[in-house]
Amino acid sequence: MRLRANTAIGGALVTLLLGTAITAMFWTPFDPLRINLRARLQPPSSLYWLGTDEFGRDVLSRVMVGAGASVVISLLTVLLAVAAGMAIGCAAGYIRGWTDRIIMAVNDALLAFPGILLALAVMIVVGANKVGLILALGLAYIPSVVRVVRGTVLSIREKEYIEASRVIGNSEAYSMIRHVMPNAIAPVAVLTTSMFGWVLLAESALSFLGLGVPPPAPTWGNMLAASRPFMETAAWLSIAPGLCIALTLLGVNLLGDSLRDRLDPRMAHG
Amino acid sequence: MLGYLARRLAMTIPTLLLVAIAVFALVRLIPGDPVQVMLGDSADPVQAAQLRAQLGLDQPIPLQFMHWIAKLAAGDFGHSITNNLAVLPLILDRFQVSAVIVLVAVAAAACIAVPAGLIAAWKQNSLLDLSVVGGATLLLSIPSFWLGLLLLLLFGLKLKWLPVIGYVPFSENFWQAATFILLPIVTLTMIEIGVLTRMARAASIEVLRLEYVTHARAKGVPEWLVLGRHVLPNAFAPTWTLIGLVLGHLLGGIAVIETVFTLPGLGRLLVDSIFARDYPVVQGCLLFTAVIYVVVNLIVDLCYPLFDPRVTVA
Amino acid sequence: MTLLAVDNLRIEAASGGTAVVDDVSFAIERGEFLAVVGESGSGKTAAARAVLGLLPPGLRKVGGRIVLDGVDLATAASRRMRALRGPTVGMVFQEPMVSLNPAISVGAQMAEGLRLHERIGKSEIKRRCLDMLARVQIRDPDRTYDAYPHEFSGGMRQRIMLASVMLLKPKLLIADEPTTALDTLTQREVLDLMVGLARDHGTSVMLITHNLGLVSRYAQRALVLRQGRMVESGTSRQILAAPREAYTRQLVEALPRRGAATGRRQSGDPLVSVRGLKVAFAGRQRLFRRDAGVSAVNGVDLDIGAGETVAVVGGSGSGKTTLGRAMLRLIPTSGGEIRFRGKDVTTTADREFRLASQLVFQDPYSSLDPRMRLGEIVAEPLRHVPELTVGERDRRVEAMLEEVGLAGLARRWPHELSGGQRQRVAIARAIVRQPAFVVADEPVSALDMTIQAQVLKLFERLQAQYGFACLFISHDLAAVEQVADRVVVMQGGQIVEQGSRDDIFDRPQHDYTKALLAAAPVLDFAGTAVARVSG
C-alpha cells in the first residue's frame with residue numbers, strides 16, 4: 001500500500017515538474033523578464049496567480065522558467081556524475097589492485113569535501129555560468145557514485161555466476177560487461193533518483209547564495225534570495241519558489257523510495 | 001587498541017595529503033597570474049610584490065607546495081587580503097559559531113530520530129509507522145534555507161518572539177545569545193530528524209528480522225527490553241555512520257543557514273571571501289573544513305567497537 | 001498429563017488466503033521425543049512458532065487450539081505467555097550465525113533468561129551458567145562467559161544456544177533444524193548433546209527436521225507434514241520401515257542408497273592427474289608484516305580416469321572445495337602439478353583444458369545470473385564453439401533443457417524457478433559443451449531430500465550417457481554412496497584414505513573415515529530410538 005502511495009504521489013509531483021518545465025519552454029502566462037514597475041509587489045490575484053515581484057515581473061512565469069532551468073541543470077549533472085561514476089567505480093571494483101587503491105584514495109579525498117564546497121571550489125576555477133555549474137556539481141557528486149558502484153561491484157564479483165562465467169572460458173572483460181554491469185544497475189538507479197534531488201537542492205542553495213545562475217535569469221534559488229528584503233511586506237515571494245523546491249524534492253524522494261522497494265530482491269521474489 | 005588507533009590515523013594521511021594538493025592547486029588553476037587573480041586588476045604594485053614574495057611564486061611548484069605545507073603545519077594559514085587578519089584565528093573564531101549550531105542540532109535530532117525510527121520499525125506498516133515515514137520524508141524534502149526563512153517570517157517578523165538579524169557571542173550574554181541561535185538550530189534539527197529517522201528505521205527493521213530477537217522473545221523477555229537491549233545497540237551502528245557523514249556535510253551546508261540568519265559562521269566566511277576573491281581565506285576554509293570532516297569520521301570509526309564487538313582491533 | 005496438545009491448527013498468511021498450516025493435530029507427552037518431518041513449505045516452522053506464540057508478522061493463527069501445560073494459549077494474556085516462554089517451552093533455532101546477539105557477551109545472554117524467571121542471586125546465576133557451559137562441552141567456560149558470540153564457530157554457538165535454553169529447564173524443547181547448518185561430524189555431536197540434556201531434565205523434545213536419519217536415530221514418534229497438511233503420523237519405526245502414504249514412501253526412498261557397483265575401473269592413463277598439489281592462502285596483510293597463511297591443501301596425489309566418478313568427502317576445513325577449484329585452475333596453486341591428458345597444465349593457461357572441464361556449484365541461488373534467461377545461460381558456453389551456427393546452437397540448448405526435464409522453459413528467468421530446477425539449469429550449462437571432466441561441488445546439499453534424489457538420478461543418467469569424468473565433492477556420505485565409483489577422504493588438507501566405494505563404506509580403515517560414517521544420517525534403528533526418554 002505504501003508502495004503504491006509513494007509511486008502515485010511521487011510520480012504525480014515529478015510529472016508536474018517535468019510538465020511545467022517543458023511547457024515553460026514554449027509558453028508562460030507573462031514574459032518572465034519583462035519589467036513592469038506599475039505592477040510591483042502585487043499579491044496573488046486572478047491576473048497574477050502568484051503575484052509579482054519588486055520589478056513587476058510575474059512570479060508564476062518566473063517559477064515555471066525556473067523549473068526548466070533547475071531540471072535541465074540537474075539532469076545533465078546527474079548524467080555526468082552517473083556515467084563517469086559507473087565507469088570509474090566498475091574499474092575500481094572489478095580490477096582491484098593498485099587501480100582500486102589509487103582511485104579510492106583520490107575518491108576519499110574528494111569525499112572529504114562536503115558536496116557544495118567542492119562545487120564551489122570547482123566553480124571558482126571554471127567560472128559561474130550554467131556549464132560551470134553543471135561541471136562543478138557533477139564533479140562534486142561523482143565520488144558518491146563511485147563509492148556506491150564500487151561497493152556493488154565488489155559484492156557482485158563474489159557471486160558464483162561470475163565464477164561460472166570464468167569457468168566457461170569467458171574473458172575477464174566479457175564477464176565484467178555481460179554479467180557485472182547489468183546487475184549493478186539496480187542500486188545505481190536508486191542512487192540516481194536520490195541524486196537528482198540532492199543536485200537540485202545544491203543548485204538552489206548555490207543560487208540562493210548568489211553563486212549559481214546569476215539573475216535576471218530566474219532559478220528558484222535566486223528568487224528566494226531576492227525575496228528576503230520583502231519578507232514582511234510580500235510574503236508570497238518567499239513562499240512560492242521554496243514551495244516548488246520542496247514539492248519537487250518530495251516527489252523525487254517518494255519516487256526514489258518506491259523504486260528502491262520495487263528493486264529490493266526480497267520483494268522481487270515475493 | 002592503540003595499534004588500531006595508529007593504523008586508522010595513518011590511513012587518513014594520504015587523504016589529507018591529497019586534500020592539501022587539491023586546495024593548493026585550486027588557486028594555481030584559476031586562469032591568469034595568481035597574484036593578479038587575488039588582488040584584482042587595480043592592484044597596488046607594492047602589495048603585489050609583497051604577495052609574490054610571500055607566495056614564493058618564482059620558485060618551482062613542488063617547492064612552493066612544500067613551503068605552503070610547512071607554514072600550515074606551523075599554524076600560519078596566511079593573511080586575508082581584504083583586512084589583513086591572520087586566517088587561522090579568523091577561521092577558528094567563526095568555526096565556534098558554526099560548530100555550536102551543528103553539534104546541538106545533530107545531537108537533538110539524533111535523540112528524537114533514533115527512538116522514532118525504532119518505534120516505527122517495531123510497528124512496521126501500521127498507521128504510526130506510515131506517519132513517521134511520511135513526516136520524515138516531508139522534513140527532508142524541505143530546503144533548509146526555505147524552512148529557515150519561513151520560521152524567521154513566523155517567529156521573527158509576525159510574532160516578534162525572536163530577533164531577526166544579528167548575533168551575540170555566548171561569552172557576552174548567554175540568554176541573548178541563545179535567542180539568536182535558537183531558530184537556526186531548530187531549522188537544522190527539523191531537517192536532520194527527517195534524514196536520521198529513515199536510517200534508524202531501516203536499520204531497526206533489518207535487526208528485528210534477525211533470529212536473536214526472536215530468541216530473546218522466546219526466553220520470555222518483555223518487549224521493551226527486547227527493543228532496548230537487543231535491537232537498539234545493533235541497529236545503531238549504521239545510524240552512527242550517517243551521523244558522522246551528516247556532521248561532515250553540514251559543515252558545507254551551514255553556509256545557507258548562516259546567510260538566512262545572518263550569523264558570523266564559517267560558511268558565510270567562505271562565501272563572502274569567494275565573492276571578495278580573498279583566496280587565502282578561501283583556501284584556509286576549504287582546508288579546515290576537509291580536515292574537520294576527516295577528523296569527525298575518524299572519531300565516528302573509532303567509536304564503533306563500543307557498540308559492535310565484532311569490529312575488533314584486527 | 002499431556003504436555004502439549006495441538007488440535008486442528010490453522011495458520012494463514014496475514015494478507016489472507018493461502019494456509020501455511022492446515023488442520024494439523026498432534027500431542028506430546030511428558031518425556032517424549034517427537035520428530036516433525038517435512039520439506040520446505042511444509043509449515044513445520046510455522047507450527048512450532050505458534051506453540052511459542054511467536055509467529056512472524058506475516059502469519060496469523062486463524063483456527064485450532066493449542067494447550068501447553070494446561071494453559072490454552074488463545075486465552076493467555078501476554079504476561080502469562082512470557083512466563084511460559086523459557087521455563088515451560090524453549091526453542092533452539094537453525095542459523096547459529098544469527099542466533100546470538102553480537103553486541104552482548106555470551107554470559108549476559110545466558111543469564112538474561114535466568115534473571116527473568118528465577119529469584120536467585122548474581123553469583124548463583126553465574127555458577128549455573130558456567131556449569132551448563134561445561135556440560136555442553138565448551139572447553140573454557142570462564143573465558144567463554146565473558147566473550148562475544150563472533151569469537152565462536154557455528155557448532156560452538158549452537159552449543160551455547162542449547163546451554164542458554166536448557167538453563168531454564170524447560171518442559172518442552174522445540175528444536176527447529178538445529179544442526180542443518182553444521183558440518184556432519186558436528187551435527188552428530190550437537191544432537192547427541194541435546195538428547196543427553198533432555199534426558200537429564202526429563203524434557204520432551206519436538207525436533208523439526210527433513211533428515212530421516214535423525215528421525216530414526218532419536219525420535220520415538222514422528223509426524224509427516226506436506227504443504228501445511230498432515231500426511232502421516234505414528235511411531236518412527238513404523239513410519240520409516242513401513243510407510244503407509246505415498247509421500248512418506250517418496251521421502252524414505254529419497255534416502256540415497258547404494259546401487260550396484262558400476263565397475264567403472266580406471267583403465268589406461270588417467271584423464272586428470274594431480275601430484276603433490278599444494279594450495280596455500282596468504283595471511284592477512286598487517287601494517288608491516290604478513291600473518292602466517294593457511295595451508296588449505298597440503299600435498300595431494302589423485303588420479304581420475306575417463307568416465308569415472310571420484311567422490312571427495314570431508315568435514316569443513318578439510319580442503320575438499322579448495323582441491324576442486326585448484327584442479328580446475330580457478331585458484332592458483334603453490335606447489336605440485338596437474339596433468340590433463342598427460343599434458344602439464346599447472347601453470348600455463350591451457351585452452352583445451354578450460355573448454356573440456358566444467359563446474360557445478362553448490363548454491364543454486366547465486367550460480368545463475370539473475371539477469372539472463374535460462375536459454376541464454378545454457379547457450380553461453382557455446383560461445384566458444386564457433387563452428388555452430390545460430391540455429392544449431394539453439395537446437396542444442398533446447399535439447400539440453402529437455403534432457404534435464406526443463407523443456408520449453410528457455411525464456412524463463414531464474415527467479416521464477418525452484419532450487420531444484422535451478423540446479424538442473426546449472427547442470428545443463430555444465431554439460432552442454434560435452435566436457436570430459438566435471439567438478440561437482442556439493443551439488444545437492446542446498447536442496448530438499450526428494451529433490452536431492454531426483455537431481456542425483458539425473459546426474460547419474462547424464463554421466464552414463466555422456467561419459468564424463470566427475471569429481472564429486474560432498475560432506476554428505478549418503479549421496480556419495482549412490483554415485484561414486486571411488487571415494488577419497490580428506491582431512492586437514494590431506495588425503496587420509498581412498499579406495500573403491502564398497503571398500504570405504506564396508507571396510508573403513510582410518511579413524512576419521514569411521515567417524516564420518518558414524519555421523520552419516522542413515523536409517524539406523526539401533527540405540528536410542530526405542531528407549532524412551534525417561535521423565
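View 1. Chain A has 10 helices and 0 strands, where helices (H or I, at least four residues) and strands (E, at least two) are DSSP runs numbered from the N terminus. Keep in mind that this is a predicted model: local features need pLDDT of at least 70, side-chain atom pairs count only at pLDDT 80 or more, and totals for chains, interfaces and linings use all residues. As for labels, residues are numbered from 1 along each chain as its sequence is written, while chains are lettered from A and ligands numbered from 1 in the order in which they are written. Read along the sequence, the pattern of chain A is α-α-α-α-α-α-α-α-α-α, and its C-alpha trace spans about 80 × 45 × 30 Å along the principal axes.

View 2. Of the 270 residues here, 53% count as buried, meaning 20 or more other C-beta atoms, placed from the backbone, lie within 10 Å of the residue's own. Take the contacts (C-beta atoms, placed from the backbone, within 7 Å) between residues at least 6 apart in sequence: 68% of them join residues at least 24 apart.

**View 3. Helices α1 and α12 of chain B.** The axes of α1(B) (residues 2-29) and α12(B) (residues 279-307) come within 10 Å and cross at roughly 160°; these axes are lines fitted to C-alpha atoms over the stretch in contact, with angles running from 0 to 180 degrees between N-to-C directions. That makes the pair roughly antiparallel, the word for angles over 145 degrees. From α1(B), the contact residues include Leu5(B), Arg8(B) and Val19(B), and from α12(B) they include Tyr279(B), Leu286(B) and Asp301(B). By class, the contact has 15 nonpolar, 3 polar and 2 charged residues; Ala, Val, Leu, Ile, Met, Phe, Trp, Tyr, Cys and Pro count as nonpolar, Asp, Glu, Lys and Arg as charged, and the others, Gly among them, as polar.

**View 4. Where chain A meets chain B.** Chain A puts 33 residues into this contact and chain B puts in 35. On the chain A side, α3 (97-111), α4 (115-126), α7 and α9 (235-263) each give two or more residues, with the largest share, 9 residues, coming from α9(A). The chain A side splits into 25 nonpolar, 5 polar and 3 charged residues.

**View 5. Where chain A meets chain C.** This contact takes 14 residues from chain A and 18 from chain C. On the chain A side, α6 (160-168) and α7 (172-209) each give two or more residues, and α6(A) supplies the largest share, 7 residues. The classes on that side are 6 nonpolar, 4 polar and 4 charged.

Methods
Buried ≥ 20, exposed ≤ 12 C-beta atoms within 10 Å, placed from the backbone. Contact = placed C-beta atoms within 7 Å. Parallel < 35°, antiparallel > 145°, perpendicular 65-115°, else oblique.
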